[in-house]
Amino acid sequence: MMKVNLNDSDIMSAKEAAQVWGKNDSYVKVSIRQSPEKWPEGSYRLFGRTLVVTTEGMESATGEKDPRKK
């Protein structure tokens, strides 16, 4: 069984991810709706009303590496 570490900094809310990448707060939701092919399978999920994304998903969708790792 695979365990997921929810304290991993590579997992974040859509709003937090947008802020890290310098995008509008609604960027992630709009991107997933308009260009779902840019998001690798398993790189986003809705938990209740909170959209959670991975660093991998953001890098794929934006074409930019994680700004926190520069």
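**View 1. Surroundings of S43 in the predicted model.** Beyond its neighbours within four places in sequence, S43 is in contact with V52, V53, T54 and G57. The structure shown here and in the views that follow is a predicted model. S43 itself belongs to the loop that leads from α2 (27–34) to β2. Its relative accessibility is 1%, and S43 therefore counts as buried, the cut-off for that class being under 20%. A polar atom of the S43 side chain lies 2.6 Å from the backbone oxygen of P40.

**View 2. The three-stranded sheet.** The strands form an open sheet in the order β1-β3-β2, and their pairing is antiparallel. β1 and β2 are the edge strands, each of them pairing on one side only. From one strand to the next, the twist averages 30°.

**View 3. Pairing of β1 with β3.** Strand β1 (residues 11–13) and strand β3 (residues 50–54) run antiparallel and are joined by three bridges. Within this pairing, S13 has V52 of β3 as its bridge partner.

**View 4. The hairpin of β2 and β3.** Strand β2 (residues 44–47) runs antiparallel to β3, and four bridges connect the two. F47 stands opposite T50 of β3. Two residues lie between the strands of this hairpin, where G48 adopts a positive phi near 65°.

View 5. The C-alpha atoms of L46 and S13 are 9.6 Å apart in space, whereas the two residues are separated by 33 residues in sequence. S13, for its part, is bridged to V52 in β3.

**View 6. Packing of helices α2 and α3.** The axes of α2 and helix α3 (residues 55–62) are 11 Å apart, and the helices pack at an angle of about 70°. The two helices are therefore roughly perpendicular to each other, a class that covers angles of 65 to 115 degrees. Their crossing is left-handed. On the α2 side the contact is made by Y27, V28 and S31, and on the α3 side by M58, A61 and T62.

**View 7. Helix α3 against the sheet.** α3 lies across β1 and β3, and its direction makes an angle of about 80° with that of β3. In the sheet order β1-β3-β2, these two strands stand next to each other, and three bridges join them.

Terms used:
Residues numbered from 1 in each chain as written. Heavy atoms only, no water. Pairing = 2+ DSSP bridges. Buried < 20%, exposed > 50% of the residue type's maximum accessible area, 1.4 Å probe, protein only. Polar contact = N/O pair within 3.5 Å; in protein donor to acceptor, adjacent residues only side chain to side chain. Contact = heavy atoms within 4.5 Å. Axes fitted to C-alpha atoms, helices over the stretch in contact; angles between N-to-C directions. Parallel < 35°, antiparallel > 145°, perpendicular 65-115°, else oblique. Left-handed = near helix turned anticlockwise from the far one by under 90°.
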